[in-house]
Amino acid sequence: MNKITNYFRESYHELVHKVSWPTWRELQSSTMVVLIATIIITLMVWGMDTLSHLVLTQYYKLFQ
């Protein structure tokens, strides 16, 4: 039981005193980077899906 108590005590100490939390401005900036990257990757996947659908549709038309 002492090990568990010690673990939580040390975890709390590290969380409160050793962790460097971002400022509100840094958090907003990081969020925008993630949002823009997500949109770009989503558009790339959508484009590849659309292109593969178009190619496969044309390919299947050859064998009808």
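Colleague: Where do the atoms come from, and how are the residues numbered?

Modeller: This is a predicted model, so local features need pLDDT of at least 70 and side-chain atom pairs count only at pLDDT 80 or more, while totals for chains, interfaces and linings use all residues. Residues are numbered from 1 along each chain as its sequence is written, and side-chain values use heavy atoms, with hydrogens and water left out.

Colleague: What makes up the secondary structure of the protein chain?

Modeller: It comes to 2 helices and 0 strands. Helices (H or I, at least four residues) and strands (E, at least two) are DSSP runs, numbered from the N terminus. Helix α1 covers residues 2–18, and helix α2 covers residues 24–61.

Colleague: How does the radius of gyration of the protein chain sit against that of a compact globule?

Modeller: The chain has 25 Å, but a compact globule of 64 residues would be near 11 Å. The radius is taken over C-alpha atoms, and the globule rule is 2.2 Å times the number of residues to the power 0.38. Those C-alpha atoms fill a box of roughly 75 × 35 × 10 Å along the principal axes. As an example of separation, Asn 2 and Tyr 60 are 58 residues apart in sequence and 68 Å apart in space, C-alpha to C-alpha.

Colleague: Why is Phe 8 called exposed?

Modeller: Buried means under 20% relative accessible area, exposed over 50%, and partly exposed in between (1.4 Å probe, protein chains only). Phe 8 has 54%, so Phe 8 counts as exposed. Asn 2, also placed in helix α1, has 63% and is therefore exposed.

Colleague: And what makes Ile 4 partly exposed?

Modeller: Ile 4 lies in helix α1. Its relative accessibility is 46%, so Ile 4 counts as partly exposed. Over in helix α2 you find Thr 42, and at 47% Thr 42 is therefore partly exposed.

Colleague: What share of the 64 residues is buried?

Modeller: Buried residues make up 0% of them.

Colleague: How many aromatic pairs are there in the whole structure?

Modeller: A search finds 3. One of them joins Tyr 7 and Phe 8, 5.4 Å centre to centre with 70 degrees between the planes. Rings of Phe, Tyr and Trp (its six-membered ring) pair if their centres lie within 6.5 Å; planes under 30 degrees apart count as stacked, over 60 as edge-to-face and the rest as tilted. So the Tyr 7 and Phe 8 pair is edge-to-face. Both of these residues are exposed.

Colleague: Which residues form the nonpolar patch on the surface?

Modeller: Among them are Met 32, Leu 35, Ile 36, Leu 43 and Trp 46, and the patch has about 1,100 Å² of accessible area together. Like charges are joined within 9 Å, nonpolar side chains (Val, Leu, Ile, Met, Phe, Trp, Tyr) within 5 Å.

Colleague: How exposed is Leu 43?

Modeller: Leu 43, in helix α2, has 54% relative accessibility and so counts as exposed.

Conventions:
Patches are made of residues with over 30% relative accessible area and no salt bridge: like charges are joined within 9 Å, nonpolar side chains (Val, Leu, Ile, Met, Phe, Trp, Tyr) within 5 Å. Accessible areas come from the Shrake-Rupley method with a 1.4 Å probe; for residues, only the protein chains shown count as cover. A salt bridge is a side-chain nitrogen of Lys or Arg within 4 Å of a carboxyl oxygen of Asp or Glu.
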